[in-house]
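Got a new protein model open and wondering where to start?

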Amino acid sequence: MPAPRRIGGHTALAGVIGWPVEHSRSPLMHNFWLAQYGVDGAYVPLPVRPGAFDVAVHGLRAAGFRGANVTIPHKEAAFRIVDRLDRSARRSGSVNTLVFAPDGAIEGFSTDGDGFVANVEAHGVVVKGGRALLLGAGGAARAIAASLLDRGVALTIANRTPARAHELADAMRADADAGTMVDVAPWDALDTVLPGCDMLVNTTSLGMDGGPAGGLPVDLARAASTLVVCDIVYVPRQTVLLHDAAARGLRHVDGLGMLIHQARLGFRKWFGTDPVIGPEVEALLDADLRGERR
């Protein structure tokens, strides 16, 4: 029987704030890394009701926590509460990682966009130049859009609500001085855009189930053979969109790696170690998602 883990007064603490939060796989991942690297730390789920976020964050800081991840529905509140916004957070308009600095300030970061790019590149795809068709206009879409533009990738944005697509495009043009690198396509006319794209990125929930490509208005039969299809959903890992891409021989990337790669920044800042992204943590999370026990 393994010895019980000792948690003492010098244990570095961090966690994930959400409501609900029991679905989060972040504690499993971070505690795996803590054990792997022998770090005296602990990462815990922190269920915080809407309306109690500010009180909870200040309480965690006062209690000596190093920081926290932030998930639904608190990302907008996190953006408002921080004292210092990292460029990643300013560019994406969202915060998913809080760091409590030694001087008492609350620092805010957005790791979704760079986590997405790191995951795609880990699959052997060079993210530089070309054009991406980005589906969706929420917080994750904005973070991914900013990171793609930083790497010289032009964007075509489409959303079921056209006004939101135009808002995102305007925000990216204003912040990145992207000019003609960003345009908007009608949701019902994506098949005319897809053939000229190098990457398709789905940030909506529509790829999860139901109908061809999960109800998305794209026909992958019209895509170039070099198209890379990405879905940020990781439950299930192979969405209908990705299944369609695989059946057509297109390179495709699921969302589990994005979850892992985006976690590295927080872990490094809270616990002082930069974890290596290896197959073990992916296998651990994949097994958990499948309901297995290892």
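Here is a short briefing that goes from the whole chain down to single residues. Keep in mind that this is a predicted model. The chain folds into ten helices and twelve strands. Its radius of gyration is 20 Å, close to the 19 Å that the globule rule gives for 294 residues, so the chain is as compact as a globular protein of that length.

**The whole chain**

- Buried residues account for 50% of the 294 residues.
- Take the contacts between residues at least 6 apart in sequence: 68% of them join residues at least 24 apart.
- The chain exposes about 13600 Å², and carbon and sulfur atoms supply 53% of that area.

**Two cis peptide bonds to look for**

- Tryptophan 19 and proline 20 are joined by a cis peptide bond, with omega at about 0°. You'll find proline 20 in the loop that runs between strand 1 (12-18) and helix 1 (26-36).
- Isoleucine 72 and proline 73 are also joined by a cis peptide bond, and here omega is about 10°. Proline 73 sits in the loop between strand 3 (67-70) and helix 3 (75-81).

**The nonpolar cores**

- The largest nonpolar core has 29 residues, and Phe116, Leu148 and Met199 have the most contacts inside it.
- Several elements each supply at least two residues of this core, among them helix 5 (112-122), strand 7 (131-135), helix 7 (162-176) and strand 10 (199-202). Helix 6 gives the most, with six residues.
- Click on phenylalanine 116 and check who it touches: beyond its neighbours up to four places away in sequence, the partners are Ile144, Leu148, Met199, Val201, Cys230, Ile232 and Met258.
- A second, separate core has 21 residues, including Trp33, Leu34, Ile260 and Phe271.

- Which residues of helix 5 are buried? They are Asp112, Gly113, Gly115, Phe116, Val117, Asn119 and Val120.
- Those buried residues pack against helix 3, helix 6, strand 10, strand 11, strand 12 (251-253) and helix 9 (256-271).
- Threonine 111 lies in the loop between strand 6 (106-109) and helix 5. With a relative accessible area of 5%, under the 20% cut-off, threonine 111 counts as buried. Leaving out residues up to four places away in sequence, threonine 111 touches Asn96, Thr97, Gln262 and Leu265.
- Histidine 123 is in the loop between helix 5 and strand 7. Its relative accessible area is 42%, so histidine 123 is partly exposed. Apart from neighbours within four places in sequence, histidine 123 is in contact with His252 and Val253. Alanine 221 is 98 residues away from histidine 123 in sequence and 22 Å away in space, C-alpha to C-alpha.
- Glycine 124 follows helix 5, and its phi is positive, near 85°.

- Not counting residues up to four places away in sequence, alanine 146 touches Arg91 and Met172.
- Glycine 136 is ten residues from alanine 146 in sequence, and their C-alpha atoms are 14 Å apart in space.

- Threonine 273 sits in the loop between helix 9 and helix 10 (279-289).
- How many residues separate threonine 273 from tyrosine 37 in sequence? The two are 236 residues apart, but in space they are 7.9 Å apart, C-alpha to C-alpha.
- Tyr37 is one of the residues that threonine 273 touches, together with Val39, Phe267 and Arg268, when residues up to four places away in sequence are not counted.

Key
Residues are numbered from 1 along each chain as its sequence is written. This is a predicted model: local features need pLDDT of at least 70, side-chain atom pairs count only at pLDDT 80 or more; totals for chains, interfaces and linings use all residues. Side-chain values use heavy atoms; hydrogens and water are left out. Helices (H or I, at least four residues) and strands (E, at least two) are DSSP runs, numbered from the N terminus. The radius of gyration is taken over C-alpha atoms; the globule rule is 2.2 Å times the number of residues to the power 0.38. Buried means under 20% relative accessible area, exposed over 50%, partly exposed in between (1.4 Å probe, protein chains only). Contact means heavy atoms within 4.5 Å. Accessible areas come from the Shrake-Rupley method with a 1.4 Å probe; for residues, only the protein chains shown count as cover. A nonpolar core is a set of buried Ala, Val, Leu, Ile, Met, Phe, Trp, Tyr and Cys residues joined through side-chain atoms within 4.5 Å.
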